[in-house]
Amino acid sequence: MRSELDSLYEKRLQTRIRVAYFILVFIFCLLFVRLWYLQIIGGDYYRKLSENNRIRIQKIKAPRGLILDVRGQILASNRPSFDICLVPQDAIHPEIVLKHLAGLLGSDLSRLKKRVEMSRGRPPFEPIRLETDVSRDAIALVLTHRLDLPGVAVVSTPVRYYPHETLACHLLGHLGEISPQELDQPEFSRYEMGDFIGKYGVEQIMELQFKGVDGGYQAEVDATGYKINVMGRVNPLPSHNVILTIIADLQKTAEDALGDKAGAVVAVDPRNGRVLAMVSNPAFNPNLFSRGISLHDWDNLINNPKHPLMNRCIQSLHPPGSTYKLVTAAAALEEGLINRDTRFFCGGSLRCGNRSYRCWKKGGHGKIDLVGGLAESCDVYFYNLGSLLGPDALAKHAKGFGFGVLTGISLNNEKPGFIPTSGWYQSRYGIPWQAGESLSIAIGQGSNQVTPLQLVLAYASIANGGILYKPLCIDRIVDVEGSVIERFDPTIKARIPLSQENIKLLRDCLWGAVNSPSGTGWRARLPHIDVAGKTGTAQVISLSKEKSSQLGDSFMDHAWFVAFAPKESAQIAVVVLVEHGGHGGSAAAPIAKKIISRFFELEESGCV
Amino acid sequence: MFDRRLISNFDWTLFAVCLIVSILGIINLLSAGSFSLNHSATPYYLKQLCWLLVGLFLFLFIVLIDYQSIARHAYLFHCISLILLLCALFWGGQSVGANRWLQLGGLSFQPSELAKITLILFLSQYFSGLNVSTSYRFQDFSLPTLITIITIILIFVEPDLGTSVLIVLVFISFIFFLHFGFRYIMVFIVSGIILLPSVWLFLEDYQKRRIFAFLNPGKDSLRAGYQAIQSKIAIGSGMLFGKGFLSGTQSQLRFLPEQHTDFIFSVLAEEWGFVGAVLVILFFFLIFSKGLKIASLSRDRLGSFISIGLTLIIFWQMFINIGMVIGILPIVGITLPFLSYGGSSLVSTWVIISLLLNIRMRKLLF
């Protein structure tokens with residue numbers, strides 16, 4: 001039975017339901033009126049829009065951010081590429097249109113058809129690219145025949161462009177089309193199929209900085225696909241620009257000085273670890289990648305025995321040769337085994353076990369001290385140090401100089417190199433460390449492997465009083481207006497385990513190697529600047545000189561030269577590696593000299 | 001055991017209208033899904049037909065059980081819904097960045113579709129069970145409001161803005177039918193006005209964009225505004241009698257986004273014109289008025305509350321969906337009952353209809 005209360009409630013509920021009916025009727029009228037307005041009053045207008053004049057969305061790609069050198073010279077920018085496209089929906093008879101177009105442009109009809117075929121399944125208002133990067137003449141031709149080519153449109157897209165072509169290509173890197181795997185990653189959520197992203201170098205590591213926000217517009221177009229009215233427009237937001245630490249001018253000098261020889265050059269500022277130039281030879285042209293590299297070009301790069309895609313500055317591993325004597329000397333000094341005046345006798349070779357280890361100078365250097373030993377690069381002097389030190393003490397100091405570990409430069413695929421220890425030897429060969437090996441590694445041969453960047457940073461730490469910096473290749477990221485988004489400050493990675501006194505002594509030794517009458521690096525001498533440096537020759541295979549020169553280039557030794565200048569408060573440190581160049585003194589030192597003298601010219605003119 | 005009055009009280013008109021609209025929906029999907037890129041996959045309309053059969057089967061099942069027995073377990077049902085929502089949040093399948101879907105052996109289903117129904121059952125059971133003197137007191141609202149807010153938050157974070165907005169509106173309008181004083185309504189409205197801006201902070205970027213796009217469609221004509229403009233063109237170009245079945249250029253040429261789900265009404269209005277669109281809306285209003293009728297005929301408060309709540313769900317879903325499609329409301333993702341493609345949506349709509357018919361059948365049984 002219903003209670004009194006229930007019936008009271010019932011009454012009120014019925015009232016509210018009645019109110020709800022009224023609201024329903026009102027809302028029905030609202031929907032009715034709106035539909036009337038859209039379909040009956042606006043019907044003609046919308047019918048026209050839907051039939052002849054269609055609304056298109058056209059993307060405006062945000063141009064990729066620029067890469068500039070430290071003085072503001074553009075190293076990577078964008079150029080417009082004019083593409084001829086087909087909008088399937090506007091092409092009434094695509095077959096005829098394609099045939100006509102192929103005739104006009106002289107292009108292969110079956111290729112154009114294939115392009116259209118590949119795009120099947122996409123919305124019909126999305127343009128299909130038929131020909132990319134067409135000439136002005138071709139554009140004019142298409143536009144004058146536009147009434148005969150319904151559905152054909154000329155679309156301009158920004159394309160990455162490196163105005164100096166190969167200049168600093170390994171540092172700048174190149175682009176490539178985004179892969180499906182990359183698209184799945186969360187950091188690429190703003191990307192879509194067909195986008196180009198950095199695949200190498202600064203382009204790769206700064207990718208997210210270079211990506212702007214795409215804009216676009218919605219346009220009413222006529223029957224042949226030409227815009228008649230833009231209904232809404234969103235401008236693309238430009239991305240950030242990246243300013244490198246390198247000086248393009250110095251980079252150019254270094255590349256010219258190296259010429260067509262395979263090798264590497266790195267110049268850094270010893271005061272902060274900023275990279276001033278970074279050359280790897282042979283180079284590649286990053287422009288080839290900007291629209292997707294052709295199979296032919298790719299094959300050429302990949303099958304080149306000299307590996308042009310490798311950045312030798314951070315990826316090539318070679319024994320450091322005599323440039324390593326600096327480390328051996330530092331270790332011996334710091335371990336207290338020798339001092340400035342310790343002398344050894346060089347008779348042209350040193351016997352160890354049942355083998356004779358030769359000095360490069362057949363006649364020997366006679367009795368020689370540390371300054372002379374380093375300046376004249378006496379091998380016997382350092383054989384003695386090597387056997388005094390043993391592998392592990394030397395390895396400890398080498399690590400202190402940053403060898404065998406990554407320098408931490410913000411580029412991908414850097415190699416750490418290798419410094420042998422007795423433990424490694426035991427596990428690798430199953431026999432204890434051989435005394436003779438100590439002699440080899442003391443002069444930088446044997447299993448030592450370093451990158452040019454590691455070597456120059458080690459020398460820079462002698463130049464700056466013992467600080468090992470993390471190398472910097474990017475100075476700052478700025479927005480379009482030029483205000484700084486992020487600045488990369490010098491970071492001290494470590495201090496080399498060496499007393500100030502010994503650092504000063506070693507600096508004198510290196511000065512002597514260039515400036516003393518019998519110094520091996522005399523070819524790097526400059527009239528007004530105190531250059532300090534060290535030559536090196538990395539053996540490819542141990543052969544007598546006569547034999548190796550007979551075997552030809554690929555068995556010739558690698559030439560090294562590392563230097564900094566001026567001797568006190570150095571402003572630049574340079575490493576030069578010439579693969580199969582022969583002697584460091586003759587092949588590498590003159591290149592370093594050119595770079596150093598150019599640097600001071602630029603400095604004097606106030607450009608740096 | 002089986003009362004013959006159950007059959008004689010069965011509302012055949014309501015059942016027939018719902019069946020007609022469902023079939024119209026399947027025919028309409030034949031058009032909206034015809035562009036499908038993947039030809040090997042089962043077409044939308046066939047899948048939808050299967051789901052309709054599932055819905056009708058559930059209908060038979062639900063109609064036979066007295067709604068009072070169902071409502072007795074309303075608390076449990078709603079608990080299950082909340083747990084399923086939590087599961088979807090943690091293990092849900094990703095569909096365009098939302099965890100709305102729960103995978104159940106090859107089938108995916110949307111727990112929020114279930115939650116809106118169990119919430120109404122819970123609210124009805126709770127309010128009808130209270131021993132009211134003259135009107136509900138303020139404290140009577142604390143538990144249902146809390147449960148509703150929890151439900152809304154769980155749905156909102158999935159994120160499913162559409163369904164959470166729907167539940168907010170259903171809850172507010174449901175309270176309007178309850179018997180309580182005018183000043184409570186005032187308190188409610190004032191607190192709502194204060195809370196509304198804080199909701200803004202929780203909205204995703206794309207949701208804010210859509211609201212901006214609604215307020216100023218020209219400005220963001222590429223993303224959110226694009227849907228609105230294309231939808232208006234589709235509907236408007238249908239004119240009085242439409243372009244004819246399978247002849248809608250907007251939908252066939254794929255200008256219309258999400259045409260088989262949220263924008264299904266545009267396809268209908270483009271191909272069947274003003275006449276078709278108004279006819280479908282009329283069918284909907286027939287269903288609503290039947291729902292309200294059932295509420296006023298019901299033998300007890302429980303039945304009234306359930307039928308009011310469920311009618312409100314369908315009403316708001318229809319109003320929000322058609323409102324956004326014809327450009328009088330901002331675009332939030334919400335399906336159109338019976339017409340939008342989607343198993344969860346169709347089946348849950350049929351569950352609602354079966355509960356309404358259930359109450360109608362038992363109006364005179366005491």
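The following legends describe close-up views of a predicted model. Residues are numbered from 1 along each chain as its sequence is written, chains are lettered from A and ligands numbered from 1 in the order in which they are written. In this predicted model, local features need pLDDT of at least 70 and side-chain atom pairs count only at pLDDT 80 or more, whereas totals for chains, interfaces and linings use all residues.

**View 1. The open sheet of chain A.** Five strands of chain A form an open sheet in the order S12-S11-S23-S22-S21, with antiparallel pairing; two strands pair if DSSP finds at least two bridges between them. Strands (E, at least two residues) and helices (H or I, at least four residues) are DSSP runs, numbered from the N terminus. The edge strands, each pairing on one side only, are S12 and S21 (532-538) of chain A. From one strand to the next the twist averages 5°. Helix H19 (residues 500-515) of chain A packs on the sheet, touching S21 and S22 (558-565) of chain A, and its direction makes about 70° with that of S21(A). Helix H21 (residues 584-604) of chain A also packs on the sheet, where it touches S11, S12, S21, S22 and S23 of chain A; the direction of H21 makes about 30° with that of S22(A). Angles run from 0 to 180 degrees between N-to-C directions, and axes are lines fitted to C-alpha atoms, for helices over the stretch in contact.

View 2. In strand S11 (residues 263-269) of chain A, 7 of 7 residues are buried, a residue being buried if 20 or more other C-beta atoms lie within 10 Å of its own, exposed if 12 or fewer, and partly exposed in between, with C-beta atoms placed from the backbone. Gly263(A), Val265(A), Ala267(A) and Asp269(A) point one way from S11(A), and Ala264(A), Val266(A) and Val268(A) point the other way. S11(A) pairs with S12 (residues 274-281) of chain A in the antiparallel sense over 7 bridges. Within this pairing, Ala267(A) has Ala277(A) as its bridge partner, and Asp269(A) stands opposite Arg274(A). The two strands form a hairpin with 4 residues between them, and Gly273(A) in the turn has a positive phi of about 80°. S11(A) is also joined by 6 bridges to the antiparallel strand S23 (residues 572-578) of chain A, where Val578(A) is the bridge partner of Gly263(A).

**View 3. Helices H13 and H14 of chain B.** The axes of H13 (residues 264-297) and H14 (residues 301-325) of chain B come within 9 Å and cross at roughly 160°. H13(B) is therefore roughly antiparallel to H14(B), a term for angles over 145 degrees, as against under 35 for roughly parallel, 65 to 115 for roughly perpendicular and the rest for oblique. Residues in contact (C-beta atoms, placed from the backbone, within 7 Å) include Phe284(B) and Phe288(B) of H13(B), and Ile314(B) and Phe315(B) of H14(B). The contact residues divide into 14 nonpolar, 6 polar and no charged; Ala, Val, Leu, Ile, Met, Phe, Trp, Tyr, Cys and Pro count as nonpolar, Asp, Glu, Lys and Arg as charged, and the others, Gly among them, as polar.

**View 4. Helix H16 of chain A.** Gly430(A), which follows H16(A), has a positive phi near 75°.

Methods
Two residues are in contact if their C-beta atoms, placed from the backbone, lie within 7 Å.
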